[in-house]
Amino acid sequence: MDRVGYGAMQLAGPNVWGPPDDPESARRVLRLAVELGVTFFDTANAYGPRTVNRLIGEALRPFPEGVIVGNKVGAGRGPGGSWIITDHPDTVRRQVHEALTDLGTETSELTYLRLGGDTPGAQSEESDVPLEDSLGVLVELRDQGLIRRIGLSGATPQMLARAQKMTPIAAVQNRFNLLDRSGVQVLADCEAQGIMFVPYFPLASGRLTSYDALTGPAERLGATLAQVALAWLLRRSPAMVVIPGTTNPDHLRTNIAAAEVAENLTDAEVARLTGLVDESKAVLDQPHQSTLDALRSAAESHR
C-alpha cells in the first residue's frame, strides 16, 4: 500500500454535514485520486452522515484491485451536528451494514471502531459500553466474512492491548501531526507490533504557519509547508500512513507528491521538526490548542 492515502471527510457539506454543493466534483476528485495511484481511502458513517460513503461508492465501485477503504463505525452525529460515540453493539452492527450498502460492496476491507480514548477532556477510558461488547460485533462480522480487517480509532495504549486479546488489530487511527504529538505512545506500540498508524488531522486542520523548521526545507526543495509537514510524518515512523483530505485536484496532486519530498528531507531537517515538541510530555487527551501554544514557544526558541 502507498503511504499517502486520501481522507474523505471534506467531501461532505459544511461542518461535515449533508451533501456537498457539487457532488459530481467530489466524485471526480475521488476518481482522480485512484488515477494518481492512491490505494487507501479513509471515511466514516458519521461523515454526512452517510453522505461521504455514498459518494465513494458512486465514484469508485466496483473498487479497483488493491484499493482499500477504511471506514469508521461507533460514532455518529447528535443535535446540531455534534459528534457522539454510538458504540452500542446493535448500533455498531447496523452501521457496518449501512456502510456496506452505501459503499456498494459485500465486504469491508477495513472497519475501525471509533473510541473516545483520545478525545480532549475525556474523563474515562471507555464509554458506558465495554470495549469488548462493541468490538465483539466487529469480530463476529469478520468471522461472517463481512469485514476483512479490524482497526481502532481514538485508542489509548490500554484500549489497544485489550482489543488485541480479542482480535488482531490492523490499524490504529489517532490524532498526530506536527503540532500535536498526543498519540506518540500508541504510535510506539504500533511500530513495535507492526500495526499501521493512521494520523487524523495530519495537517493540523490547516494551522501550519511559517516556522523556520518548515520553511527551510520547503524553500530548499521547492515544496509547500503542507508537503513538508506530511513528509515529516512519513519520515517520523515507518508505521505511518497519512490521509490528507482536499476537494481541490491541484491540492490532491501536491499532497501525493509529499512522498517524494519525504525521500529528500535530510536527517537533520527531520530531527529539527521532531524536536519542535517535547514528545515525552505528550498527553493523549491534550487539547490541540495547548499543543499549538507549545509549538509556538518552541518555534520562537529556534529563531
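These legends describe close-up views of a predicted model.

**View 1. The largest nonpolar core.** This core has 58 residues. Leu 138 and Leu 152 have the most contacts inside it. Helix 8, residues 225-236, gives the most to this core, with seven residues. A second, separate core has 23 residues. Val 16, Val 52, Val 67 and Val 69 are included in that second core. In soluble globular proteins, nonpolar side chains tend to be buried together.

**View 2. Leu 152 and its surroundings.** Neighbours within four places in sequence are left aside here. Beyond them, Leu 152 is in contact with Tyr 112, Leu 113, Leu 115 and Leu 135, among others. Its contacts also include Met 159, Leu 160 and Ala 163. Ile 169, Ala 171, Val 172 and Gln 173 are in contact with Leu 152 too. In strand 8, Val 172 is also the bridge partner of Leu 152.

**View 3. Strand 7 and the strands paired with it.** Strand 7 covers residues 150-153. Strand 6, residues 110-114, runs parallel to strand 7, and four bridges join the two. One of the pairs is Tyr 112 with Gly 151 of strand 7. Strand 7 also pairs with strand 8 in the parallel sense, over three bridges. In a regular strand the side chains alternate between the two faces of the sheet. Both faces of strand 7 are covered. Ile 150 and Leu 152 are buried on one side, and Gly 151 and Ser 153 are buried on the other.

**View 4. Helix 2 against helix 3.** Two packed helices are described by the angle between their axes and the distance between the axes. Helix 2 (residues 51-60) and helix 3 (residues 89-103) pack at an angle of about 35 degrees. Their axes are 7 Å apart. Helix 2 makes the contact through Asn 53, Arg 54, Ile 56 and Gly 57. Helix 3 contributes Ala 99, Asp 102 and Leu 103. The residues of this contact divide into three nonpolar, two polar and two charged.

**View 5. Ser 182 in its loop.** Ser 182 is found between strand 8 (171-173) and helix 6 (184-193). Its relative accessible area is 6%, so Ser 182 is buried, the cut-off being under 20%. The side chain of Ser 182 makes a polar contact with the side chain of Asp 180, at 2.7 Å. Another polar contact joins the side chains of Ser 182 and Arg 175, at 3.1 Å. Not counting residues up to four places away in sequence, Ser 182 touches Arg 175, Ala 282, Val 283 and Leu 284.

**View 6. Backbone geometry around helix 2.** Most residues other than glycine have a negative phi, and most peptide bonds are trans. The peptide bond from Gly 48 to Pro 49 is cis, with omega near -10 degrees. Pro 49 is found in the loop between strand 2 (40-44) and helix 2. Arg 50 is in the loop between strand 2 and helix 2, and its phi is positive, near 70 degrees. Arg 50 is partly exposed, with a relative accessible area of 22%. The peptide bond from Arg 61 to Pro 62 is also cis, with omega near -5 degrees. Pro 62 is found in the loop between helix 2 and strand 3 (68-73).

**View 7. Asn 15, a residue with positive phi.** Asn 15 is not a glycine, yet its phi is about 60 degrees. Its place is in the loop between strand 1 (6-7) and helix 1 (23-35). Asn 15 is exposed, with a relative accessible area of 69%.

Terms used:
Residues are numbered from 1 along each chain as its sequence is written. This is a predicted model: local features need pLDDT of at least 70, side-chain atom pairs count only at pLDDT 80 or more; totals for chains, interfaces and linings use all residues. Side-chain values use heavy atoms; hydrogens and water are left out. A nonpolar core is a set of buried Ala, Val, Leu, Ile, Met, Phe, Trp, Tyr and Cys residues joined through side-chain atoms within 4.5 Å. Buried means under 20% relative accessible area, exposed over 50%, partly exposed in between (1.4 Å probe, protein chains only). Contact means heavy atoms within 4.5 Å. Axes are lines fitted to C-alpha atoms, for helices over the stretch in contact, and angles run from 0 to 180 degrees between N-to-C directions. Ala, Val, Leu, Ile, Met, Phe, Trp, Tyr, Cys and Pro count as nonpolar, Asp, Glu, Lys and Arg as charged, and the others, Gly among them, as polar. A polar contact is a pair of N or O atoms within 3.5 Å; within protein, one must be able to donate a hydrogen and the other to accept it, and residues adjacent in sequence count only if both atoms are side-chain atoms. Two strands pair if DSSP finds at least two bridges between them.
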